[in-house]
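I'm opening a notebook on a structure that is new to me.

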Amino acid sequence: MRHIFKLLLFLISGITLMACHSHEKWMEPFTLQESQSIMTDQSYANFSLSGQFMLTDGAEGRILFHTDGESGYTVLLHNGEIDGTRKTGSLASVRNLYRSLAEDNQWFNLDITVRGKNIAVAVNGTDVVCYTEPKQPFRTEEHAKQLLGEGKLMFCADKGTLQVKELHINALDANEVNPNDTLPAIDEQNDDIIRLQQMDFPVIDYHVHLKGGLTKEQAHAMSMNYGINYGVAPNAGEGGVGRMLADDEEVISYLEEVKPLPFLCGVQGEGRRWTQTFSPEALNKFSYLFTDAMTIIDHKQRNSRLYHEEEVHFDGVTPDQYVERIVEQLELILTNEPADFYANPFFLPKVLQGDYESYWTESRVNRVLDILQQNKMALEINPRYMIPSMRIIKMAKERGLKFIFGTNNKDADFGKLEYCMQAIKECGITADDIWFPSMSIRKDRKTVVYNDFDHIIMQY
């Protein structure tokens with residue numbers, strides 16, 4: 001009966017199956033409707049799979065390998081906006097992806113290759129997963145069978161319609177290796193990231209800059225190795241550190257450069273004139289926008305970058321009065337600039353950092369959180385500066401604010417979101433607390449243009 005059922009599924013799907021000793025090819029296209037699935041007769045250890053796939057609007061599917069129907073690994077098929085659901089190419093619960101390089105109702109290429117302990121997945125020719133299973137992988141009880149070995153391939157349509165054509169499955173020699181697998185396998189017994197992946201907690205660093213020796217190629221490799229989705233963002237405006245993009249043409253050129261890679265694509269408004277330097281049309285091509293208040297106009301109307309000690313001048317005001325000026329500027333920035341989240345939050349100049357908690361009084365913190373709440377903006381948890389404090393994070397969570405994790409790296413050595421891991425544990429941050437670009441309301445907010453920053457001259 002089992003063989004008859006499998007034959008019926010093949011006939012329903014219009015599949016012609018050709019087998020030989022070294023490989024198995026499905027030459028004819030096939031279609032799976034919702035809840036249909038098929039499994040190969042042949043088992044594989046090392047193999048390569050390539051084919052063209054198409055999902056109807058909102059459709060979802062899976063490809064299982066090294067499976068008996070329950071064991072092994074799963075590659076997900078699911079497109080759409082960046083909304084917190086796992087996307088096409090995800091190695092489910094091991095290397096989850098949150099931006100798809102494919103689109104519904106369009107054919108896309110998908111490749112899955114297993115060589116030894118390495119699993120590689122590519123979408124439209126771009127590597128999205130390069131995972132090496134370590135000698136002692138970390139698996140929760142739910143995912144205990146999620147291990148390499150040998151098994152069959154299974155194709156499933158979970159929602160909507162999945163179409164497949166030009167599918168080729170080839171058995172590979174036992175000694176095949178992935179020449180691009182050059183980074184050491186992660187010690188998963190001592191790794192927080194795999195624990196979040198097993199929980200399907202979205203692991204995204206939204207605030208990564210290609211600077212200080214970090215190239216897009218290196219960021220791509222690090223992201224796949226660590227299991228952290230990177231949101232790569234240029235600095236657009238004036239006054240920042242490193243490469244600054246100066247106009248719409250440069251911003252769009254940058255986006256075209258990084259968009260083919262499996263990054264989330266954002267942009268950071270730098271300084272206080274970015275809203276008048278770049279058009280909304282150019283900025284809205286990015287998935288998200290963010291800014292900080294590390295550049296203010298101080299009480300003497302001077303442009304002051306708070307991260308440059310030589311630009312921080314008290315000039316007759318007390319440190320507490322200077323902090324009050326920072327808060328006033330923060331209120332203007334977060335109210336009038338159409339950012340999705342507040343980066344480098346609650347930053348203070350180095351000279352004031354020793355009394356951080358006393359300067360950030362409950363009243364001042366609430367003034368800032370009020371604006372974030374009113375504008376549905378998220379709050380960044382920043383590992384580089386280890387801000388905001390756990391106390392402030394707990395205050396924000398009590399209000400129901402959303403969070404993002406963002407490093408703001410200065411070079412290629414920027415860790416693995418360790419401070420964010422601490423916040424998850426100490427403040428009870430859950431997957432439901434994370435912000436995604438689908439939540440953005442920035443296009444509905446008025447953009448403000450200033451003259452001396454304290455005076456609005458135009459809204460649009």
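Entry 1: I started with Phe 30 and Phe 155, which are both buried (under 20% relative accessible area with a 1.4 Å probe on protein chains only; over 50% is exposed, in between is partly exposed). Before going on, I noted that this is a predicted model, where local features need pLDDT of at least 70, side-chain atom pairs count only at pLDDT 80 or more, and totals for chains, interfaces and linings use all residues. Residues are numbered from 1 along each chain as its sequence is written, and side-chain values use heavy atoms, with hydrogens and water left out.

I then looked up aromatic pairs and found 20 in the structure. Rings of Phe, Tyr and Trp (its six-membered ring) pair if their centres lie within 6.5 Å; planes under 30 degrees apart are stacked, over 60 edge-to-face, the rest tilted. Phe 30 and Phe 155 have ring centres 6.0 Å apart and planes at 80 degrees, so I wrote them down as edge-to-face. Phe 30 sits in strand E3 (residues 30–32) and Phe 155 in strand E11 (residues 152–159), so the pair ties together parts 125 residues apart in sequence. Helices (H or I, at least four residues) and strands (E, at least two) are DSSP runs, numbered from the N terminus. I also noted a cluster in which ring pairs link Tyr 44, Phe 47, Phe 65, Tyr 73 and Tyr 131.

**Entry 2: the cores.** Which residues have the most contacts inside the largest nonpolar core? They are Tyr 206, Tyr 230, Leu 334, Phe 341, Phe 346, Trp 360 and Ile 393, in a core of 88 residues. Such a core is a set of buried Ala, Val, Leu, Ile, Met, Phe, Trp, Tyr and Cys residues joined through side-chain atoms within 4.5 Å. Helix H7 (residues 319–336) gives this core its largest share, 7 residues. Apart from it I found another core, of 39 residues, including Tyr 73 and Leu 91.

I picked Leu 334 and left aside its neighbours within four places in sequence: its contacts (heavy atoms within 4.5 Å) include Tyr 342, Val 368 and Arg 445.

**Entry 3: helix H11.** Buried residues of H11 (residues 418–427) include Tyr 419, Met 421 and Ile 424. Among the elements covering the buried residues are helix H2 (192–198) and helix H10 (390–398). Just after H11, I saw that Gly 428 takes a positive phi of about 70 degrees.

**Entry 4: an outside residue.** Is Glu 310 buried or exposed? I read it as exposed, at a relative accessible area of 54%. Glu 310 is in the loop between strand E20 (303–305) and H7. From Glu 310 to Ala 343 I noted 33 residues in sequence and 22 Å in space, C-alpha to C-alpha.

Entry 5: On a 1 Å grid over the protein atoms alone, a cavity is a set of points where a 1.4 Å probe fits but cannot get out; a pocket is an open set with protein on both sides within 12 Å along at least five of seven lines; lining residues have an atom within 4 Å of a point. The largest pocket has a volume of about 540 Å³. Gly 80, Arg 99, Ser 100, Glu 103 and Lys 259 are the closest to its centre, out of 23 lining residues.

Note on methods: Points joined across faces, edges and corners; volume = space filled by probe spheres on them.
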